[in-house]
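I am opening a notebook page on this structure and will write down what I look up, entry by entry.

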Amino acid sequence: MEQKIKRKVVIDCDPGIDDSLALMLAVSSEELDIRGITIVCGNGPVDMGFGNAKKILNQMGRLDIPVFLGEERPLKRAYQDALDTHGADALGESFLPEVPGYENAQSAVDFLIAGAREGGLSIIALGPLTNLARMLERDREAFSMLEEIVSMGGSFRSHGNCSPVAEYNYWVDPDAAAAVYAAAGELGKEIAMVGLDVTRRIVLTPNVLSYMERMNPETGGFIGRITKFYLDFHWEQEKLIGCVINDPLAVAYFLDRSLCSGIRAYTQVETGGLSAGQTIVDAAGFYRREPNALILTETNPPRFFKLFLSRVLKIGERELEWLDFLPAVSRGFGIPQMGGEFGQ
Ligand code: BDR
Ligand code: CA
């Protein structure tokens, strides 16, 4: 029997409700050799994210995967959490019991450097890019040895979610995001940017959630428990029935390139003023610079959900054909949500 080679990957994240769903997808995917999970401050403080990652691994029976504590504040700016969106425990106020032990002496940045130096390592970044920027500062050569970087963050044509132009991960530490994109340009690397243009189309609705809960009460019930707060938040903020789950799309794209497509362009991140965190995508080639980013602009929500449900909830693909007919989603207060004037 031919042995398939697994891809070595670290998931850098700030769990976080949607980070947790992304972790669930990653640990359910046999093609991945998950070397570790590195935590950055973001949705919650870094030690809260560390605890939440352990809770998810515990739920999935994967406490064999090590978790590393990362940076506790952005490079230059004051830290701003997103507990209003993710709940007081950053896990939808599920208040799951802490998973004891399992502390790790090595820092996230040390772990990333050592892993990159071994070769063949990719990073799927689901939070602010602070850990990656610190890695870059400490050991640029190790950063240059990374095989691939997929980052959930930024937006191109879609509006922001923290300001009219900025998405949370890049807004909370714009200096880190700017440094990582600039270095990618200088080192001839390309970041796959899974931004709001595509993730806004991934809306977990009560209908899909209810199906998950019925088909797999254990895992579906767990997902219901951690997403309820997030659903309520979306209703209150946007009058959207459902919640936008950004991060799992980055993992899904890493697993299956045909899930998203986009354009290659030189991309910079604004660090100050009104537009801090904005991704400036030179789609028209003004700067005559080689692309340092693949900006994903199109995706296929039914195919995403089929991948997620078949892997995480172990539901047979044939039972999921109904997802081809996912119902339209409320667009809330006229805020472009699902492929309106900014979407497709
Ligand atoms: C991103 O910000 C966080 O709140 C989510 O976890 C996601 O990574 C979306 O803007
Ligand atoms: Ca995140």
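This is a predicted model: local features need pLDDT of at least 70, side-chain atom pairs count only at pLDDT 80 or more; totals for chains, interfaces and linings use all residues.

**Sheet.** With that definition in hand, I looked up strand β6 (residues 191-194) and strand β11 (residues 293-299), and found that they pair in the parallel sense over 3 bridges. Within this pairing I noted Met193, which stands opposite Ile295 in β11. I then followed the whole sheet, which is open and is formed by 9 strands in the order β3-β2-β1-β4-β5-β6-β11-β9-β10, with mixed pairing. At its edges I find β3 (67-69) and β10 (279-282), and each has a single partner strand, so one side of each is left without a neighbour in the sheet.

I next looked up helix α4 (residues 108-118), which lies across β1 (7-13), β2 (32-39), β3 and β4 (121-125), and which runs at about 150 degrees to β2.

**Calcium.** Which residues coordinate the calcium ion (ligand 2)? I list Asp14 (OD), Asp19 (OD), Asp19 (OD), Leu126 (O) and Asp247 (OD), at 2.3 to 2.6 Å. Along the chain, I read the spacing of these donors as D-x4-D-x106-L-x120-D. Distant parts of the chain are linked here, since Asp19 sits in helix α1 and Leu126 in the loop between β4 and α5 (130-138), 107 residues apart.

**Backbone.** Pro15 and Gly16 are joined by a cis peptide bond, with omega at about -5 degrees, and I place Gly16 in the loop between β1 and α1. Ala90 is a residue other than glycine with a positive phi, near 60 degrees, and I find Ala90 in the loop between α3 and α4. I set both entries against the general rule that most residues other than glycine have a negative phi, and most peptide bonds are trans.

Last, I looked up the largest pocket, in which about 590 Å³ of space lies. Its lining has 31 residues, and the closest to its centre are Thr85, Asn161, Cys162, Tyr168 and Phe233. The elements that give two or more residues to this lining are α1 (17-27), α3 (83-86), α7 (168-172) and α11 (217-238), and I note that α11 gives the most, with 5 residues. By class, I record 11 nonpolar, 11 polar and 9 charged residues in the lining of the largest pocket.

Methods
Residues are numbered from 1 along each chain as its sequence is written. Chains are lettered from A and ligands numbered from 1 in the order in which they are written. Side-chain values use heavy atoms; hydrogens and water are left out. On a 1 Å grid over the protein atoms alone, a cavity is a set of points where a 1.4 Å probe fits but cannot get out, and a pocket is an open set with protein on both sides within 12 Å along at least five of seven lines; lining residues have an atom within 4 Å of a point. Grid points are joined across faces, edges and corners, and a volume is the space filled by probe spheres set on the points. Helices (H or I, at least four residues) and strands (E, at least two) are DSSP runs, numbered from the N terminus. Ala, Val, Leu, Ile, Met, Phe, Trp, Tyr, Cys and Pro count as nonpolar, Asp, Glu, Lys and Arg as charged, and the others, Gly among them, as polar. Two strands pair if DSSP finds at least two bridges between them. Contact means heavy atoms within 4.5 Å. Axes are lines fitted to C-alpha atoms, for helices over the stretch in contact, and angles run from 0 to 180 degrees between N-to-C directions. Donors are N, O and S atoms within 2.8 Å of the metal (3.2 Å for Na, K and Ca); water is not among the atoms, so sites may look incomplete.
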